[in-house]
Amino acid sequence: MQFVASEHPHRRLNPLNGQWVLVCPHRTQRPWSGQQEKAQKNELPEFDPTNPLCPGVTRPNGIQTPKYESTYVFENDFPALVEVVPVPPNSDDPLFQIAPARGNCRVMCFHPKSNLTLPTMSAAEIAVVIDEWISQFNELSAKYAWVQIFENKGATMGCSNPHPHCQIWSCSFLPTEPQLKQERLRAYYATNERPMLADYVERELQRQERIVIENPDWVVVVPFWATWPFETMLISRNNNKRINDLTTKQRYNLALTMKELTTKYDNLFQCSFPYSMGWHGAPTGPEHAHASSAHWTLHAIYYPPLLRSASVRKFMVGFELLAMAQRDLTPEQAAQRLRDVDGKRHYLEK
């Protein structure tokens with residue numbers, strides 16, 4: 001019997017973290033009798049006087065959100081990390097290690113209107129969001145080792161407020177996922193004298209199996225090692241190391257690329273497609289200011305949970321929690337579906 005990747009179970013290595021992913025394409029034929037979720041509808045008002053992220057509304061802590069007209073950034077009212085906190089005592093017991101954790105947490109509203117999301121915003125409006133990301137990054141990266149810009153879109157992904165927004169968490173330490181990437185990217189560079197993701201993009205462009213979007217500045221690919229059904233990576237093609245390396249042209253092309261990708265996501269199942277996404281680049285802060293970042297390539301990761309429709313999602317339970325990550329739909333099949341769907345015109349415009 002000859003192996004066929006679209007038919008037979010196999011494992012794939014994620015070189016960014018050293019973890020294997022189990023791919024089981026034959027399972028896409030099995031019947032589904034599990035949970036069904038109601039598809040989202042676009043019934044949100046432009047302004048909700050009870051939503052604390054809307055302009056002019058008072059937040060639970062008594063602070064009034066200003067009547068902003070573009071983006072708006074404020075300190076998170078319920079931060080996970082704070083700047084002033086006692087240092088824990090040292091432990092000489094290897095089973096009970098503890099370390100300091102300082103930081104800053106901010107919320108950034110993308111737009112004053114509550115009924116918009118990135119795919120329904122204009123490219124010019126998304127470019128303003130990117131500019132503000134960079135402004136925040138410039139300020140916070142001078143002090144903190146890691147600045148994590150991320151968006152949780154949709155209640156399915158734990159988003160507690162439907163207003164278009166993201167969060168920016170800054171850490172005095174290098175978190176687990178970036179630390180793993182730092183080690184793997186550095187090791188690859190030491191052996192190959194090339195950034196891993198630069199080589200990866202080059203080979204994906206040659207193969208044309210998992211590419212979703214490509215332009216002179218950016219590539220969107222369903223990674224060979226993707227875990228989530230329609231997971232994608234948005235990778236810089238210009239040797240950028242951090243988001244504040246981007247030129248004006250690269251920023252605008254990024255806005256166009258993000259709009260096209262998120263429009264494809266929404267059009268795939270004709271719903272407001274949920275996901276968690278975030279940016280990864282070279283570490284920052286005084287500790288990393290003079291360290292080489294040659295091994296890094298700026299990229300964003302999108303983790304969407306939907307599998308078969310607006311109401312059928314992938315759950316990371318059972319084997320995935322106890323053994324290893326697993327997926328049914330192959331990355332190649334997912335990329336083909338995303339390529340085939342319209343990324344220029346949103347389904348709500350039709």
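How many of the seven residues of β6 are buried? Six of them are buried, and β6 is thus described as mostly covered; buried denotes a relative accessible area under 20%, exposed over 50%, and partly exposed the range in between, with a 1.4 Å probe and protein chains only. The views below show a predicted model, in which local features need pLDDT of at least 70, side-chain atom pairs count only at pLDDT 80 or more, and totals for chains, interfaces and linings use all residues. Residues are numbered from 1 along each chain as its sequence is written, and side-chain values use heavy atoms, with hydrogens and water left out.

**View 1. The nine-stranded sheet.** Nine strands form an open sheet in the order β3-β4-β6-β5-β10-β11-β9-β8-β7, and their pairing is antiparallel. Helices (H or I, at least four residues) and strands (E, at least two) are DSSP runs, numbered from the N terminus. Two strands are said to pair if DSSP finds at least two bridges between them. Strands of a sheet pair through backbone hydrogen bonds, in either a parallel or an antiparallel manner. At the edges stand β3 (72–75) and β7, each of which pairs on one side only. From one strand to the next, the twist averages 20 degrees. Axes here are lines fitted to C-alpha atoms, for helices over the stretch in contact, and angles run from 0 to 180 degrees between N-to-C directions.

**View 2. Strand β6 and its partners.** β6 pairs with β4 in the antiparallel sense over seven bridges, and Arg106 stands opposite Ile168 in β6. β5 also pairs with β6 in the antiparallel sense, here over five bridges. Within β6, Gln167 is the bridge partner of Phe150.

View 3. An unreviewed UniProt entry places the feature "active site" at His165; UniProt positions are given in the numbering used here, feature names are shortened, and annotations may be inferred rather than shown by experiment. His165 belongs to strand β6. With a relative accessible area of 10%, His165 is buried. When its neighbours within four places in sequence are left aside, His165 is in contact (heavy atoms within 4.5 Å) with Leu53, Val107, Met108, Cys109, Phe110, Glu151 and Cys159.

**View 4. Strands β10 and β11.** The antiparallel strands β10 and β11 (residues 299–303) are joined by five bridges. Gly278 stands opposite Ile301 in β11.

**View 5. Helices lying across the sheet.** Helix α1 (residues 123–141) lies across β3, β4 (103–109), β5 (146–153), β6 (165–171) and β10, and runs at about 165 degrees to β4. Helix α4 lies across β5, β7, β8 (218–221), β9 (232–236), β10 and β11, and runs at about 20 degrees to β8.

**View 6. The packing of α4 with α7.** Two packed helices are described by the angle between their axes and the distance between the axes. For α4 and helix α7 (residues 331–340), the angle is about 95 degrees and the axes are 9 Å apart. The two helices α4 and α7 are therefore roughly perpendicular to each other; angles under 35 degrees count as roughly parallel, over 145 as roughly antiparallel, 65 to 115 as roughly perpendicular and the rest as oblique. Lys264, Tyr265, Leu268 and Phe269 of α4 make the contact with Arg337, Leu338 and Arg339 of α7. By class, this contact has four nonpolar, no polar and three charged residues. Nonpolar covers Ala, Val, Leu, Ile, Met, Phe, Trp, Tyr, Cys and Pro, charged covers Asp, Glu, Lys and Arg, and polar covers the others, Gly among them.

**View 7. The three-stranded sheet.** An open sheet of three strands has the order β1-β2-β14, with mixed pairing. β1 (10–14) and β14 (325–327) are at the edges with a single partner strand each, so one side of each is left without a neighbour in the sheet. Strand β2 (residues 19–23) and β14 run parallel and are joined by three bridges, and Val21 stands opposite Ala325 in β14.

**View 8. Two glutamines with positive phi.** Gln208, although not a glycine, has a positive phi of about 55 degrees. Gln208 is placed in the loop between α3 (196–207) and β7 (211–214), and counts as partly exposed at 38% relative accessibility. Gln270, also not a glycine, has a positive phi of about 50 degrees. The loop between α4 (248–269) and β10 (275–280) holds Gln270, which is exposed, with a relative accessible area of 52%.
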